[in-house]
Amino acid sequence: MSDPTRRPSTTLVTAGRPPAHPAEPLNVPVVLASNFRNHEVAATVREYSRTDSSPGWEALEDIVGTLEGGDAVAFSSGMAAASAVIDLTRAGGRVVVGTDTYLGVRGQLADGEALGRWTVDVVDVTDTDAVLAAIPGADLVWLESPTNPMLDVADLPVLCRAAREAGALVAVDNTFATPLLQQPLALGAHVVVHSATKFIGGHSDLLMGVAIAESPEGADRLRRRRVVSGATPGALESFLAVRGARTLGVRLAQSQASAGELATRLAAHPAVTRVRYPGLASDPGHERAAAQMSGFGAMVSWEVADAATAEAVCAGVRVLVHATSLGGVESTIERRGRYAGQAHVPAGLMRMSVGIEDVEDLWDDLDAALKVATA
Ligand SMILES: *Cc1c(COP(=O)(O)O)cnc(C)c1O
């Protein structure tokens, strides 16, 4: 791990670099290698990249592991990282998960339940008492905060402590917060998961995931899942993810500032019925978020009267992009209720990922799209 005393934005720039030898490159190049020369004596075993590792993704592991304060293991996608953690659940075990949890994770858990591998208890993570009641006897407690797409905030310190005391593995999907705004290991989680596809990569050009364990033993168990499932990142993706991570600090600062501004203006717009952003003092998750996060992030979810109006807004934007993914330099917006399995999401709710465009252009775009949609 790199120097943990450095500030996070410095770690993003300085971690994951090759040894400082003269005339060597500053960054790990694209290492296109499955096979490495056999070596008899070496500190690190590196013979085959699926079973061992690759310098490219080790750089990302160094950056994210240092920021999260744990031992990071890179995967081919966020879902691969999540699956590695879920895979640790014993046969016949019980999993507790929030209603508003990333669709892929809900799907993975539901598939396993249908195959008779485990049972799943679905709870509202904002209802701390309900989650606490479900925890005893659980094998895995899967928390996401803020959640996708409702931006609900779970009381992570209280829930992580309860899960630990009950002997459950507690995992937190930290994708929306990024490693800069929330460090779940410090709040009591055993393992943290990121879709590096989103803010860490930041340019909508790669799929990658990272799972960060609190201990080297925990990381070894996750690495073992990577070896046997083969969910290894690609060399180019690893390079791009590190390159993206270098600018996460400045990207997120800009996106977060714009997200706060847009949330405030949307909340005052007559055609907008509700705004969810943990940074708004009126948001139900505000107090918890202020207590456990160092910023409120770049995701804003907001509602208009109905599905048709929301679809018209999404069709009407010209600066924002009507697209599903998030965390990129470009702002994206979509109506989440269009997906199956999102019955709890209001029909007119749009999830917006705020990028780094000028905030006034984003506002003019949203305001114009709203005018057309409600005309
Ligand atoms: C996108 C996403 C994932 C899955 O990541 P992939 O890289 O698409 O596999 C998991 N959790 C959250 C919160 C996400 O937004």
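Where is A166 found? Select A166 to begin, and you will see this residue in the loop between α6 (156–165) and β5 (169–173), where helices (H or I, at least four residues) and strands (E, at least two) are DSSP runs numbered from the N terminus. What you have open is a predicted model, in which local features need pLDDT of at least 70 and side-chain atom pairs count only at pLDDT 80 or more, while totals for chains, interfaces and linings use all residues. Residues are numbered from 1 along each chain as its sequence is written, and side-chain values use heavy atoms, with hydrogens and water left out.

A166 is partly exposed, with a relative accessible area of 34%; buried means under 20% relative accessible area, exposed over 50%, and partly exposed in between, with a 1.4 Å probe and protein chains only.

**Helix α3**

Next select residues 78–86, which form helix α3. Eight of its nine residues are buried, so the helix is largely enclosed by the rest of the structure; the buried ones are G78, A80, A81, A82, S83, A84, V85 and I86. At the start of α3, look for S77, whose side-chain oxygen reaches to within 3.4 Å of the backbone nitrogen of M79.

**The ligand**

M79 leads on to the ligand, since M79, D173, S195, T197 and K198 come nearest among the 13 residues around the ligand, a residue counting as near if one of its heavy atoms lies within 4 Å. Show the side chains of S195, T197 and K198 in turn: a polar atom of S195 lies 2.8 Å from a ligand oxygen, an N or O atom of T197 is 2.6 Å from a ligand oxygen, and a polar atom of K198 lies 2.8 Å from a ligand oxygen. The protein covers 93% of the 380 Å² of accessible area that the ligand has on its own, as given by the Shrake-Rupley method with a 1.4 Å probe.

**The five-stranded sheet**

Now colour the strands of the open sheet, five in number, which run in the order β8-β9-β12-β11-β10 with mixed pairing; two strands pair if DSSP finds at least two bridges between them. β8 and β10 (321–322) stand at the edges with a single partner strand each, so one side of each is left without a neighbour in the sheet.

Which residues of β9 are buried on its two faces? On one side they are M299, S301 and E303, and on the other V300 and W302. Five of the five residues of β9 (residues 299–303) are buried, so this strand is largely enclosed by the rest of the structure.

Follow β9 to its partners: β8 (residues 274–276) pairs with β9 in the antiparallel sense over three bridges, with R274 opposite E303, while β12 (residues 349–353) pairs with β9 in the antiparallel sense over five bridges, with S301 opposite R351. Then move to β10 and β11 (residues 332–335), which pair in the parallel sense over two bridges, and find H322 opposite I333.

**A last stop**

Finally, select A343 in the loop between β11 and β12. A343 is exposed, with a relative accessible area of 82%.

Definitions and conventions
A polar contact is a pair of N or O atoms within 3.5 Å; within protein, one must be able to donate a hydrogen and the other to accept it, and residues adjacent in sequence count only if both atoms are side-chain atoms.
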